[in-house]
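Here is a short briefing on a structure, grouped by topic. Please read it alongside the model.

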Amino acid sequence: MLVDYFFPRTPVIHGTREIFLNWGRIAVTFAMILGLINLLFSNFKKVMLQSRGWIYNLILLVSFAVTFYFSVPYHTIVKDGAVTTLKGTDAGTVGFQIFMNVYTPLSATMFALVAFFIASVAFRAFRAKNIEALLLLLSAAVVMLGSVPLGDAWFAALHLDSVFGTHNLSWLSNFVQSVPMSAAQRAINLGVAIGMVSMSIKILGGIDRSYFGGE
Amino acid sequence: MPPVLDHATVFVAMIVLCAIILYYTFKTTAGKLPKLRTIAGLSAIDEAIGRATELGKPALFISGLSDIDNIQTLAALSILSYVAQKAAEYDTPIIMPNVYSVTMVTAQEVVREAHLRAGRPDTYRPDNIYYVSDEQFAFVAHTSGLMERERPAANFYMGSFFGESLILAETGNATGAIQIAGTAETAQIPFFVVACDYCLIGEELYAASAVLSQDPRQLGSIKAQDVVKLLIFAVMIIGCVSETFGAHFLMNWLGGS
């Protein structure tokens, strides 16, 4: 893979890479089938033995069966005399409806919690206990006010635009995000990239084996 | 297809980088260890496990939401090795829900080895390291529920995290657990910094295994990283000065525009 990245126009290397990728895909397919069988057996066993939380295993088995039935096979739809064959995951099928009306809202509900948690975290983070926290609070205030029309409206209402011109709150907000924040992020990313290369070398060279339980 | 020049530049940079890292890795010996600053998040691991032991509660370890092919997950498993050994010494159970099956199997092996090292193979419970789901929010729903039910006293979030980082960290904070996080995902670092007690920022996650093991060769690689950073800093200064005076040789060589 690495050699193909550095020598992309070499057919022999590129062909070898494709062979390896195909082997990987075939192995993954069989692993998925094995995983599926294992998942069904382990959950079925827990339901039969009525282990702790067996009702959830039952829900999984029923959900799996329903989704599989409607999603995997091909469906033939006859509309106005025209016959259309759809995959179980195409728009208009029950499988697609399950995905859109069950899975997507459930995921969105969990993700929506982030909004409330941001509020509670911000309350703790923005307490000006020291100079650094005060700077953080001021930066956050500038970025938040500069990101909404209300910030510049206040700026104009206080006639500050006659003093600072176009250097209003939205300009300051953009500046904070594109200069100091960007610089800090790049510094972290630089360290991360070098650390990643270093760790990769240690793992490839067998210097660090702790990720597999070794010393 | 990207220009060949970019690939050549990356190739040269990789060779130089690898050479420097390998040089310092094998140069460092036990008698001449580089001096490293203390990483608060790593020093707090013992404290966190100790607190869980005092309270008689388990510790929770999450190795991120990426598979084993992500280098952050491997770094997380290195930290797990140390955490699991400490937990085994104190006879404190570790619960570890997993997003991927391969990570689960690897983590089971890491924890089993840690129990053997601690001389407590009898206390190893493979059922505590289990697969949940590779769906992001299904995993979050399970783990948040687990925190509320089991009330682990120490939570470790190490590895690659995304939109769920704040949900996990805030739920853990609400349960009163001592929390240590570490990630190289720049967008998630602020969430962990404000919601957790300690946070390994970026490269500290990768340095953790070296610091915890105190292996001279691994510590040498950290020194090498600093040397590489100095080199990059020098290139930046030269680039700024040369561009200011209208000389574009460095920019042209690096493939910039």
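B:Arg151 is partly exposed, because 14 other C-beta atoms lie within 10 Å. Here a residue is buried with 20 or more other C-beta atoms within 10 Å of its own, exposed with 12 or fewer, and partly exposed in between, with C-beta atoms placed from the backbone. This is a predicted model: local features need pLDDT of at least 70, side-chain atom pairs count only at pLDDT 80 or more, and totals for chains, interfaces and linings use all residues. Residues are numbered from 1 along each chain as its sequence is written, while chains are lettered from A and ligands numbered from 1 in the order in which they are written.

**Positive phi**

- Most residues other than glycine have a negative phi.
- B:Arg151 is not a glycine, yet its phi is positive, about 50°.
- B:Arg151 sits in the loop between helix 5 (136–150) and strand 4 (154–158) of chain B. Helices (H or I, at least four residues) and strands (E, at least two) are DSSP runs, numbered from the N terminus.
- B:Gln214, also a residue other than glycine, has a positive phi near 55°.
- The loop between helix 8 (203–213) and helix 9 of chain B holds B:Gln214.
- B:Gln214 counts as exposed because it has 11 C-beta neighbours inside 10 Å.

**Helix 9 of chain B**

- Helix 9 of chain B covers residues 216–244, 29 residues in total.
- From first C-alpha to last, helix 9 of chain B reaches 42 Å, close to the 42 Å expected at 1.5 Å a residue. The expected span is 1.5 Å times one less than the number of residues.
- Buried residues in helix 9 of chain B include B:Arg217, B:Leu219, B:Ile222 and B:Val228.
- B:Gly246 follows helix 9 of chain B and has a positive phi, near 85°.

**Domains of chain B**

- Chain B is assigned domain 1 (4–33 + 216–253) and domain 2 (40–213). The bounds come from an automatic or database domain assignment.
- Each domain of chain B gives 5 residues to the contact between them. Two residues are in contact if their C-beta atoms, placed from the backbone, lie within 7 Å.
- The centres of domain 1 and domain 2 of chain B, taken over C-alpha atoms, are 32 Å apart.

**Contact between chains A and B**

- Chain A puts 37 residues into the contact, and chain B puts in 47.
- On the chain A side, helix 4 (94–125) and helix 9 (180–204) of chain A are the elements that give two or more residues.
- Helix 9 of chain A gives the most, with 16 residues.
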